[in-house]
Amino acid sequence: MASSEEDGSVEEKENNNKKRSKSAIATAWLTFYNITMTAGWLVLAVAMARFYIQKGNHRGLYKSISRTLKFFQTFALLEVVHCAVGIVRTSVIVTGVQVCSRIFMVWFVANSIKQIQNEESVVLFLVVWTVTEITRYSFYTFSLLNHLPYFIKWARYNMFIVMYPLGVAGELITIYTALPYVRKSGMFSMRLPNKYNVSFDYYIFLIIVMLSYIPLFPQLYFHMLRQRRKVLHGEVIVEKDD
Ligand SMILES: CCCCCCCCCCCCC[C@@H](O)CC(=O)SCCNC(=O)CCNC(=O)[C@H](O)C(C)(C)COP(=O)(O)OP(=O)(O)OC[C@H]1O[C@@H](n2cnc3c(N)ncnc32)[C@H](O)[C@@H]1OP(=O)(O)O
């Protein structure tokens with residue numbers, strides 16, 4: 001049977017060619033992006049391991065890796081763009097919540113509140129994020145290259161069961177530990193009266209962020225459980241549109 005392209009008009013053929021070259025460009029870009037991100041998180045893993053081996057404890061670890069961490073975690077904003085322009089089939093909202101909460105954690109908590117940088121909870125979320133991202137980006141890279149080893153697929157869709165709650169625990173304990181310093185310093189806050197007639201309390205905002213994990217985290221977790229059933233057990237899942 002002839003394909004629709006063979007039957008179609010010149011215009012249809014041109015459209016098909018455009019789609020094909022767009023997806024080739026998209027695949028090339030995603031491969032480059034995922035390799036870069038895998039390498040970035042590997043650099044972080046090696047830097048953390050070396051730091052710990054040399055110093056024997058975690059004091060100063062955050063400071064030593066903060067530039068690399070900020071760069072690669074911020075670069076992950078492109079994932080929201082990938083979903084928005086449709087080159088990956090993932091929800092913009094799910095990806096947006098995941099990426100924005102991490103960027104918030106890096107820039108407005110760990111980076112801004114120096115007193116908490118040596119907390120164990122910071123090391124906890126850093127280690128969990130690093131292991132997760134090396135697995136996740138190598139999963140995408142090998143999938144795009146059509147050479148996905150089963151252990152990477154297995155790790156991608158099983159490790160999160162433990163890693164997600166551990167990462168969330170690290171993040172929440174860190175924010176909780178930061179609260180007294182934020183209250184004392186009044187950082188990022190605006191009190192009335194001021195010329196804009198606006199008041200903002202960063203301390204209260206951080207409490208709201210912590211509370212927002214209660215409705216939002218289960219959605220991410222259940223999304224991953226659905227992905228797991230689809231990919232590892234071949235279940236057909238009908239996703240709602242954003
Ligand atoms: C301003 C203040 C905001 C404060 C908000 C506070 C609320 C916070 C609540 C949230 C807490 C989050 C805490 C979090 O930071 C803790 C941790 O991360 S701990 C570590 C454990 N974490 C994980 O395991 C992360 C799991 N999450 C993810 O993997 C993703 O982020 C997620 C978007 C949730 C899910 O990913 P996705 O939907 O993409 O699933 P898949 O991987 O199965 O992929 C689906 C299809 O898309 C293709 N895809 C996706 N990305 C790419 C890519 N980069 N390159 C190529 N292809 C890609 C993938 O191949 C699939 O395609 P197909 O269906 O065709 O196979």
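A salt bridge is a side-chain nitrogen of Lys or Arg within 4 Å of a carboxyl oxygen of Asp or Glu. In the predicted model shown above, Arg102 forms such a bridge with Glu133, and the closest N and O atoms are 3.2 Å apart. Arg102 lies in helix α5 and Glu133 in helix α6, so the pair ties together parts that are 31 residues apart in sequence. The helices named here are DSSP runs (H or I, at least four residues), as strands are (E, at least two), and they are numbered from the N terminus.

Residues are numbered from 1 along each chain as its sequence is written, and side-chain values use heavy atoms, with hydrogens and water left out. Because the model is predicted, local features need pLDDT of at least 70 and side-chain atom pairs count only at pLDDT 80 or more, while totals for chains, interfaces and linings use all residues.

With these rules in mind, the overall layout can be described. The protein chain has nine helices and zero strands, giving the pattern α-α-α-α-α-α-α-α-α along the sequence. Of its 242 residues, 38% count as buried, where buried means under 20% relative accessible area, exposed over 50%, and partly exposed in between (1.4 Å probe, protein chains only). A contact is scored when heavy atoms lie within 4.5 Å. Among contacts between residues at least 6 apart in sequence, 69% join residues at least 24 apart. The protein chain exposes about 14700 Å², and carbon and sulfur atoms supply 64% of that area; accessible areas come from the Shrake-Rupley method with a 1.4 Å probe, and for residues, only the protein chains shown count as cover.

The charged pairs deserve a second look. Side chains of opposite charge can pair when their charged atoms come close. The structure holds three salt bridges. Besides the bridge between Arg102 and Glu133, Glu79 forms one with Arg136, with the closest N and O atoms 3.0 Å apart. This pair links distant parts of the chain, as Glu79 is in helix α4 (residues 77-85) and Arg136 is in helix α6, 57 residues apart. Arg136 also forms a salt bridge with Glu133, where the closest N and O atoms are 2.9 Å apart. Here both partners lie in helix α6, three residues apart, about one turn of the helix. Through shared partners, Glu79, Arg102, Glu133 and Arg136 are joined into one network. Glu133 has a relative accessible area of 3%, and the value for Arg136 is 13%.

Helix α6 also holds Ser138. Ser138 counts as buried because its relative accessibility is 11%. Leaving aside neighbours within four places in sequence, Ser138 is in contact with Thr38, Glu133 and Ile152.

The next topic is the nonpolar interior. In soluble globular proteins, nonpolar side chains tend to be buried together. A nonpolar core is a set of buried Ala, Val, Leu, Ile, Met, Phe, Trp, Tyr and Cys residues joined through side-chain atoms within 4.5 Å. The largest such core has 50 residues, of which Trp41, Leu69, Val109, Leu126 and Leu206 touch the most other members. At least two core residues come from each of α2 (10-55), α3 (61-75), α5 (92-110), α6 (120-144), α8 (160-185) and α9 (202-233). Helix α9 provides the largest share, 11 residues. Apart from neighbours within four places in sequence, Leu126 is in contact with Met48, Leu61, Tyr62, Ile65 and Leu69.

Phe200 sits in the loop between α8 and α9, and its relative accessibility of 33% makes it partly exposed.

Finally, the cysteines were examined. How many disulfides does a search of the whole structure find? The search finds zero, a disulfide being a pair of cysteine sulfur atoms within 2.5 Å. The sulfur of Cys83 is 11 Å from the closest cysteine sulfur, in Cys100, which is too far for a bond. Cys83 is buried at 8% relative accessible area, whereas Cys100 is partly exposed at 44%.
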